[in-house]
Amino acid sequence: MSKASRFITIEEAVARIPDGAQLAVSGNMEMSPMALIRGLVRAERRGLRLVCAGAAAVNADLLIGAGAVSEVEFSQISMGEYGFAPNFRRKFEQGAVVGLEHACPTLTAALGAGAAGIPFVPVRGLIGTDYMAIRPDFRAITNPYDPSERVAVVPAIRPDVAIFHGFLADTDGHVLTHPAQNNRLLAQAARQTFVTVEDIVSPDELRCEAGKGGALIPPLFLSGIVHAPGGALPTSCPGYYEADDEAVLVYMQASASEEAFIAYVRRLLVGELVQ
């Protein structure tokens, strides 16, 4: 991939995410890739099989409420201090969305297996829990090195596409992201990865910023980078901006009923809402 082709638009990234794709997303009320999420809503994607890496929030709730998601694989979805994730809860209770629940370690381990190219991975702590009942694809096997022990294994997750928001990209295509999110793991596991960033800088500037903290992702694992200042809004981007409380409250009010949320999505589709 040439340097120039690494830098694309929201529309170009969304065009490469088809209906029915398994889509992995990171972020919560901090560092959610909301510009890409809104692009998917505006493109009226359907049948997405969403994988939430870590605790998800409005990133997942908006896609679910907009009717873009048929299945969601998750460990936690909530709006943090703003309360429950209303669209996720409503669609889940209605049976409109299939939910595949994880413990946090199983989701991370499954993505790790996907990144490593192996079909499954053992995870301790699941035997005897309800996860083994509600997830028939979690299996128990005999430890080949200790026949007295049973160990749970979970299937690998190798998403078709991963999306996340980062701080910076350099002109060579390296990206600096939040150190506490699993973005590098997502990028390694996924077949395609698209990232939005606040700014594009020189390689020297990026190396300087990376020395202050953050996770650096090489261009090898990235399919496209979008320059999108404010691309995480209304969630926060540490060092750049706080969460937009007013926009989140508008979202929560609109999510109080299905009818009100349909009207909210219509406003997104015609460009009346920018976040």
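1. Asp137 is partly exposed in this predicted model, its relative accessibility being 29%. Its side chain meets that of Arg135 in a salt bridge, with 2.7 Å from N to O. Arg135, by contrast, counts as buried, at 2% relative accessibility.

2. A second salt bridge brings together the side chains of Asp160 and Arg191, at 3.7 Å from N to O. This pair connects distant parts of the chain, the two residues being 31 residues apart. Asp160 lies in the loop between β7 (150-155) and β8 (161-170), while Arg191 belongs to the loop between α8 (183-189) and β10 (192-201). Asp160 has a relative accessible area of 25% and is partly exposed; Arg191, at 48%, is also partly exposed. Through salt bridges that share partners, Arg49, Asp160 and Arg191 form one network.

3. A further bridge lies within a helix. The side chains of Arg89 and Glu93 meet in a salt bridge of 3.3 Å, N to O. Both residues are in helix α5 (residues 86-94), and because they are 4 residues apart there, about one helical turn separates them. Arg89 is partly exposed, with a relative accessible area of 40%, whereas Glu93 is exposed at 58%. In general, side chains of opposite charge can pair when their charged atoms come close. The count for the model comes to 9 salt bridges.

4. The largest nonpolar core holds 50 residues, and Val72 and Ile163 are the members that touch the most others. Helix α3 (residues 34-42) supplies the largest share of this core, with 6 residues. Apart from this core lies another, of 19 residues, including Ala24, Ala110, Leu111 and Val154.

5. Which residues does Val72 touch, leaving aside those up to four places away in sequence? The contacts of Val72 are Leu50, Cys52, Ile64, Ile77, Phe88, Val97, Val98, Gly99 and Leu100.

6. Helix α3 also packs against another helix. The axes of α3 and helix α11 (residues 258-269) come within 9 Å of each other and cross at roughly 100 degrees. Because angles of 65 to 115 degrees count as roughly perpendicular, α3 is roughly perpendicular to α11. On the α3 side, the contact involves Arg38, Val41 and Arg42; on the α11 side, Val265, Leu268 and Leu269. The residues of this contact comprise 4 nonpolar and 2 charged, with no polar ones.

Methods:
Residues are numbered from 1 along each chain as its sequence is written. This is a predicted model: local features need pLDDT of at least 70, side-chain atom pairs count only at pLDDT 80 or more; totals for chains, interfaces and linings use all residues. Side-chain values use heavy atoms; hydrogens and water are left out. A nonpolar core is a set of buried Ala, Val, Leu, Ile, Met, Phe, Trp, Tyr and Cys residues joined through side-chain atoms within 4.5 Å. Buried means under 20% relative accessible area, exposed over 50%, partly exposed in between (1.4 Å probe, protein chains only). Contact means heavy atoms within 4.5 Å. Axes are lines fitted to C-alpha atoms, for helices over the stretch in contact, and angles run from 0 to 180 degrees between N-to-C directions. Angles under 35 degrees count as roughly parallel, over 145 as roughly antiparallel, 65 to 115 as roughly perpendicular and the rest as oblique. Ala, Val, Leu, Ile, Met, Phe, Trp, Tyr, Cys and Pro count as nonpolar, Asp, Glu, Lys and Arg as charged, and the others, Gly among them, as polar. A salt bridge is a side-chain nitrogen of Lys or Arg within 4 Å of a carboxyl oxygen of Asp or Glu.
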